[in-house]
Amino acid sequence: MQRTSKRILSLLAGLTLAASLTGCGYNDFQRLDEQSKSAWSEVLNQYQRRADLIPNIVATVKGEANFEQETLTKVVEARAKATSFQITPEVLNNPQALQQFQNLQGELSSALSRLMMVSEQYPNLKANQGFADLRVQLEGTENRITVARNRYIQTIQDYNVLARSFPSNLTAMVMGYQAKPNFTVANEAAISAPPKVEFGK
């Protein structure tokens, strides 16, 4: 009889422990952590796709006589910096490293935008079918980067809400799960200022 009651007590203790672990959010942390890593991999995949397009774009533009050398040089340098940044899993948890990664990708985006604007001044380049195809691929890749970043932002938001909500925040404290840094807007101050509209001359 005593042995049976000990078994029942152990079984009840086990069920109570299992129920408490289910509600603590541990499994949710694991799931969201894996989702954030997967979403980050997709962001990197799209940035790599863009980096792989650049040599072809540069080679095509170099064929245009008298093309602005400074613009080409800035694109090549920005690509070199962006691809030399070592991406490790720690980047996801390091706000400064994530910001540095964003800055390098932003410099590359800016240099590419300048290249595309300047290329409008060259009729032969605009008429070049190879360049037109590369331009379409680049625009598609920029769209994919935006989608991948948005997915990553959403997974990090879900993870951070879990890390800050009760009772899962207790699990986060015990297990050392910190809120993760997220992408930020590079020119946040500039876009938060109201635009100046002038009617005149």
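Student: What counts as a helix or a strand here, and how many helices and strands are there in the chain?
Tutor: Helices are DSSP runs of at least four residues (H or I) and strands are runs of at least two (E), numbered from the N terminus. This is a predicted model. From the N terminus on, its elements run α-α-α-α-α-α-α-α. The chain has eight helices and zero strands.

Student: What percentage of the residues of the chain count as buried?
Tutor: A residue counts as buried under 20% relative accessible area. The chain exposes about 13100 Å², and carbon and sulfur atoms supply 55% of that area. Of its 201 residues, the share that counts as buried is 32%.

Student: Does S41 count as buried, partly exposed or exposed, and why?
Tutor: S41 belongs to helix 2, which covers residues 26–62. Buried means under 20% relative accessible area and exposed means over 50%. Because the relative accessibility of S41 is 45%, the residue counts as partly exposed.

Student: What distance separates the C-alpha atoms of S41 and Y152?
Tutor: Along the chain, S41 and Y152 are 111 residues apart. For the chain as a whole, 79% of the contacts with a separation of 6 or more are between residues 24 or more positions apart. The C-alpha atoms of S41 and Y152 are separated by 9.2 Å.

Student: Which helix gives the largest share of the lining of the largest pocket?
Tutor: The largest pocket has a volume of about 260 Å³. Its lining is made of 13 residues, with Y47, G106, S109, R149 and T184 nearest the centre. Helix 2, helix 4 (95–119) and helix 6 (129–164) are the elements that give two or more residues to this lining. The largest share, five residues, comes from helix 6.

Student: How many residues in the lining of the largest pocket are charged?
Tutor: Asp, Glu, Lys and Arg count as charged. The lining of the largest pocket also holds three nonpolar and seven polar residues. The charged residues number three.

Student: Which helix gives the most to the lining of the second largest pocket?
Tutor: The second largest pocket has a volume of about 180 Å³. Residues that line the pocket include L44, Y47, A82, F85 and F101. Helix 2, helix 3 (69–84) and helix 4 each give two or more residues to that lining. The most, four residues, come from helix 2.

Student: How many residues in the lining of the second largest pocket are nonpolar?
Tutor: Among the lining residues are I87, L108 and Q105. The lining has three polar residues and no charged ones. Its nonpolar residues number eight.

Definitions and conventions
Residues numbered from 1 in each chain as written. Predicted model: local features only at pLDDT ≥ 70, side-chain atom pairs only at ≥ 80, totals over all residues. Heavy atoms only, no water. Buried < 20%, exposed > 50% of the residue type's maximum accessible area, 1.4 Å probe, protein only. 1 Å grid on protein atoms, 1.4 Å probe; cavity = no way out; pocket = protein on both sides within 12 Å on 5 of 7 lines; lining within 4 Å. Points joined across faces, edges and corners; volume = space filled by probe spheres on them. Contact = heavy atoms within 4.5 Å. Areas by Shrake-Rupley, 256 points an atom, 1.4 Å probe, with all protein chains shown as cover.
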